[in-house]
Amino acid sequence: MKVVIIAVLIILVLASVFSAIGCKAIPSNFGEPITETQAVSIRDILAQPNNFISKVVRIEGRVMEECPAGGWFMLKDNTGVIFVNLHPSSFSIPQVSGRQVIAEGIVSKEGTQISVVGKGVQLK
């Protein structure tokens with residue numbers, strides 16, 4: 001009887017340990033901390049990019065498409081969609097397609113393409 005009780009206790013302890021190891025929560029902050037308090041609409045950035053080029057902006061929305069390695073994503077708010085590039089900042093995010101995020105970065109323009117070089121991303 002004692003052997004059975006000890007065996008059950010060992011199994012319960014091991015199950016708890018493996019459960020804790022296997023169920024790590026995804027961190028919610030990546031890159032630098034978000035410092036901007038006011039979000040800018042994607043429509044405003046795309047409509048008047050010269051007002052935002054080289055400036056730090058906070059944008060919020062849903063990840064629509066993302067790099068398999070987490071180095072870029074397309075962010076959609078209720079006004080538009082913009083490309084957020086994390087590669088220049090040397091960090092990535094996990095696969096979070098469909099999730100709401102806050103992204104902060106510098107607006108850039110390459111040719112006619114307007115994008116945000118992400119400095120920090122926070123999962124909501």
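Reply: Happy to! Let's begin where Glu60 and Lys124 meet through their side chains in a salt bridge, at 3.4 Å from N to O. The term salt bridge stands for a side-chain nitrogen of Lys or Arg within 4 Å of a carboxyl oxygen of Asp or Glu. This pair ties together distant parts of the chain, since Glu60 belongs to strand S2 while Lys124 lies in the segment after S6, 64 residues apart. Strands here are DSSP runs of E with at least two residues, numbered from the N terminus.

A word on the model: it is predicted, so local features need pLDDT of at least 70 and side-chain atom pairs count only at pLDDT 80 or more, whereas totals for chains, interfaces and linings use all residues. Residues are numbered from 1 along each chain as its sequence is written, and side-chain values use heavy atoms, leaving out hydrogens and water.

Glu60 also forms a salt bridge with Arg58, with 2.8 Å between the closest N and O atoms. Arg58 is buried, at 14% relative accessible area, and Glu60 is partly exposed, at 24%. Buried means under 20%, exposed over 50%, and partly exposed in between (1.4 Å probe, protein chains only).

Now for the strands. Glu60 has Ile102 in S5 as its bridge partner, and S2 (residues 56-66) runs antiparallel to S5 (residues 100-110), joined by seven bridges. Strands count as paired when DSSP finds at least two bridges between them. S5 in turn pairs with S6 (residues 113-123) over 10 bridges, again antiparallel.

Key: Helices (H or I, at least four residues) and strands (E, at least two) are DSSP runs, numbered from the N terminus.
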